[in-house]
Amino acid sequence: MRSRLANARAIGLRNAGKTDEATAVLRDAIVLDPDIPELHFNLGQLSSDIGKWEEAETAFKRVIALDPENCDAYRALADLAQVRGDVPAALAYQAEALARRRLYSRIAPQERRRVLALLSAGDFKANAPLELLLDPMTTTLHTYYCTEQADANELPPADIAFVAIGESPWAAEPLAVAKRLLRETGLPFVNDPAYVLDTNRELLAKAVADIPDLTMPPVDRVPREALVDTTPPFPIVLRPPGSQAGEHFERIDSREALDTYLAANADPEFFVSPFVDYASADGFYRKYRIVLVDGEPFAYHLAISPTWKVHYYATPMQHEKWMREEEEAFLRDGCGGKTTVLADGLRELAKRLQLDYFAADCTIAPDGTPLLFEADTAMLVHALDPTNTFTYKDGYIRRIFAAVEAMLDRRITS
């Protein structure tokens with residue numbers, strides 16, 4: 001009873017933003033009851049909230065020492081390792097959790113719909129983060145991992161399934177499992193698993209090839225040996241299949257640079273494309289992220305960077321007011337209609353891909369050509385940017401969330 005009261009009080013303080021007080025309550029409770037796993041787990045969550053990674057890790061490991069079957073602690077350690085950049089450790093902890101349980105649920109207190117999310121094992125980039133996309137107050141989210149041992153009898157009652165698995169070289173098996181589960185449950189669903197792999201960069205470039213309002217540089221999958229033995233026309237860009245968020249993605253301008261890249265990356269094959277210099281007249285590079293919901297495009301963000309390899313959180317957006325003003329204009333009206341051609345091309349792409357939900361990274365080349373970089377069902381979409389800096393974003397992003405919920409409700413009632 002004493003530990004339950006301490007837990008409840010600490011959770012209330014945490015929800016009120018009183019992290020220090022919540023931590024003190026838990027530490028005092030642990031002195032009195034050192035063998036209660038829930039106290040250590042909540043202490044670990046509080047430590048994670050404020051970036052005290054070592055303290056959080058110690059707390060979660062203490063949970064497992066007290067309760068070796070505690071899947072939530074394994075998952076928390078997996079998330080913590082991922083945040084700290086230790087992907088192998090993250091996957092090992094995740095495997096421990098999934099060996100014990102494949103289903104994890106977040107119950108909505110004001111439930112309007114029940115969504116079954118079908119996921120693949122993997123790092124943060126393997127699946128669409130539906131927990132950030134769907135309202136926790138009104139949408140119950142049952143997350144189920146499509147491992148080889150997946151069993152439809154383990155699934156809870158749900159109104160609709162959402163295939164959240166993104167394209168990767170490792171996605172074929174979980175997508176096949178998802179297809180089987182959809183067949184066995186008969187649930188309506190978002191994103192047919194039969195089409196997710198069509199967002200592979202090589203196939204995507206071919207799908208875009210004859211869309212009038214969209215273009216994408218050709219992408220070839222080239223064996224390592226071919227790059228060692230032949231010299232391609234420079235400049236080119238290289239990345240291993242399955243890489244995301246700019247990992248091992250480089251522009252190569254010479255034979256020497258190519259040899260250096262291959263020496264640092266042992267992958268057996270690579271995606272190779274000609275480099276397209278898409279810098280605007282002011283010398284900055286712009287990358288638009290647009291989310292397609294039931295075929296309709298919604299602006300999500302604009303990243304502006306002085307370098308060609310654009311990653312939103314590595315740009316000066318937080319520090320440059322003019323960049324944020326331009327992003328706001330993109331969210332509000334497509335930069336005065338400048339990006340309308342992108343939206344038109346992406347509508348056609350959505351028809352061809354036959355996917356209900358995905359996001360696309362794209363730009364407008366200096367000659368006005370709409371240029372697609374990639375499209376994926378698992379791109380990061382969230383409303384977590386600091387509102388004191390990005391004061392304008394929240395409403396536009398919530399518009400995407402509302403569109404997703406409306407799509408789910410249409411599928412449920414149709």
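This is a predicted model: local features need pLDDT of at least 70, side-chain atom pairs count only at pLDDT 80 or more; totals for chains, interfaces and linings use all residues.
At 33% relative accessibility, Arg62 falls into the partly exposed class, since that class covers everything between the 20% limit for buried residues and the 50% limit for exposed ones.

In general, side chains of opposite charge can pair when their charged atoms come close. Another case is Glu202 with Arg221, where the N to O distance is 3.6 Å. Here too, distant parts of the chain get linked: Glu202 sits in helix α9 (residues 201–208) and Arg221 in strand β6 (residues 220–223), 19 residues apart. Arg221 has a relative accessibility of 31%, so it counts as partly exposed.

Asp282 and Arg286 form a salt bridge as well, with their closest N and O atoms 2.8 Å apart. What about their surroundings? Asp282 is partly exposed, at 42% relative accessible area, whereas Arg286 is buried, with a relative accessibility of 6%. The reason for that label is simple: 6% is the value for Arg286, and buried means under 20%. Some salt bridges also share partners, and in this way Asp294, Asp356, Arg410 and Arg411 are joined into one network.

Now for the sheets. One of them is an open sheet of 4 strands, in the order β11-β10-β12-β13, and its pairing is antiparallel. The strands at its edges are β11 (296–305) and β13 (370–376), each of which pairs on one side only. Neighbouring strands in this sheet are turned by 25 degrees against each other on average, if direction is ignored. Within the sheet, β11 and strand β10 (residues 285–293) run antiparallel and are joined over 9 bridges. To pick out one spot, Lys287 stands opposite Ala303 in β11. Across β10, β11 and β12 (357–364) lies helix α14 (residues 393–413), which runs at about 145 degrees to β11.

A further open sheet has 5 strands, ordered β1-β3-β2-β4-β5, and this time the pairing is mixed. At its edges stand β1 (103–106) and β5 (189–190); each has a single partner strand, so one side of each is left without a neighbour in the sheet. As a rule, the strands of a sheet pair through backbone hydrogen bonds, either parallel or antiparallel. For β1, the pairing with strand β3 (residues 139–145) is antiparallel and extends over 4 bridges. Ser105 can be found opposite His142 in β3.

Finally, the surface has something to show. Trp53, Val83 and Phe124 make up a nonpolar patch of about 290 Å² there. Phe124 comes from the loop between β2 (113–119) and α7 (130–133). With a relative accessibility of 47%, Phe124 counts as partly exposed.

Note on methods: Residues are numbered from 1 along each chain as its sequence is written. Side-chain values use heavy atoms; hydrogens and water are left out. Patches are made of residues with over 30% relative accessible area and no salt bridge: like charges are joined within 9 Å, nonpolar side chains (Val, Leu, Ile, Met, Phe, Trp, Tyr) within 5 Å. Accessible areas come from the Shrake-Rupley method with a 1.4 Å probe; for residues, only the protein chains shown count as cover. A salt bridge is a side-chain nitrogen of Lys or Arg within 4 Å of a carboxyl oxygen of Asp or Glu. Helices (H or I, at least four residues) and strands (E, at least two) are DSSP runs, numbered from the N terminus. Buried means under 20% relative accessible area, exposed over 50%, partly exposed in between (1.4 Å probe, protein chains only). Two strands pair if DSSP finds at least two bridges between them. Axes are lines fitted to C-alpha atoms, for helices over the stretch in contact, and angles run from 0 to 180 degrees between N-to-C directions. Contact means heavy atoms within 4.5 Å.
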